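Morning, everyone. Please have a look at the model on the screen, and I'll walk you through a few parts of it.

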Amino acid sequence: MSAAELSGDTPPARRIVLLRHAKADWPEVSDHERPLAERGRMDAPIAGRKLADTGIAFGLALCSTAARTRETWKLAVHELPHRPRTVYEERMYEASLGDLIALLNETPDDIDDLLLIGHNPGMHALADALAGTAEGDALARMNRGGFPTAAFAVIGFSGSWKSVEHGVGTLVDYWAPHD
């Protein structure tokens, strides 16, 4: 941390990474208990490797309690250089945009980089809402692809987690497995 950040002159740079669960199967179980399909089990570790390639050292991962998100995270996290503290958050399942922003606002300020493993339409809506600006063609690629399974968006912002609201960030990266 720089002297300016320590003195409070410069708000800390933070990143939010929004990972949509990998492709799920449709067996005769409740939606919450749907497991990953074969393609999802192949894509999740690839997404994990791409997350590792970002160089982001996550301080915390919030994962939906749904079976497909837990399984995605289990397969992806093994590809990361270090395993962040993980909280399985039931409020992420079927969360609205407002619910997701409220979860971000509850993040402790000692966390610089946060990973959310969740569902659509929430992940795409949150990425779109937070990204006031975008680097390069990241926004066009994200919107063209519709945020498919195992895709992720990286949003950077400065300030407190309590200050997270619409347009606060910059979409700095977007990746999808079959792009």
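Before going on, a word on the source. This is a predicted model: local features need pLDDT of at least 70, side-chain atom pairs count only at pLDDT 80 or more, and totals for chains, interfaces and linings use all residues. Residues are numbered from 1 along each chain as its sequence is written, and side-chain values use heavy atoms, with hydrogens and water left out.

Names next. Helices (H or I, at least four residues) and strands (E, at least two) are DSSP runs, numbered from the N terminus. Two strands pair if DSSP finds at least two bridges between them.

Back to the strands. β1 pairs with β4 (residues 113-118) in the parallel sense, over 6 bridges. β1 also pairs with β6, in the antiparallel sense, over 7 bridges. There, the partner of Val17 is Val154. Follow Val154 across: in β7, its bridge partner is Asp173. β6 and β7 (residues 169-175) are antiparallel, with 5 bridges.

Now the whole sheet. It is open, has 7 strands, and runs β3-β2-β4-β1-β6-β7-β5 with mixed pairing. At the edges sit β3 (85-89) and β5 (131-134), each pairing on one side only.

Is β6 enclosed or open to the outside? Of the 7 residues of β6 (residues 152-158), 6 are buried, so the strand is largely enclosed by the rest of the structure. Buried means under 20% relative accessible area, exposed over 50%, partly exposed in between (1.4 Å probe, protein chains only).

Next, His21. It lies in the loop between β1 (13-20) and α2 (38-53). At 6% relative accessibility, His21 counts as buried. Beyond its neighbours within four places in sequence, His21 has contacts that include Arg68, Gly118 and His119. Contact means heavy atoms within 4.5 Å.

Last, the helices. In α5 (residues 122-130), 7 of the 9 residues are buried, so this helix too is largely enclosed by the rest of the structure. Among the buried ones are Met123, Leu126 and Leu130. On α4, Leu97, Leu100, Ile101 and Leu104 meet α5 residues including Met123 and Leu126. That contact divides into 9 nonpolar residues, 1 polar and no charged. Ala, Val, Leu, Ile, Met, Phe, Trp, Tyr, Cys and Pro count as nonpolar, Asp, Glu, Lys and Arg as charged, and the others, Gly among them, as polar.

That's my tour. Thanks.
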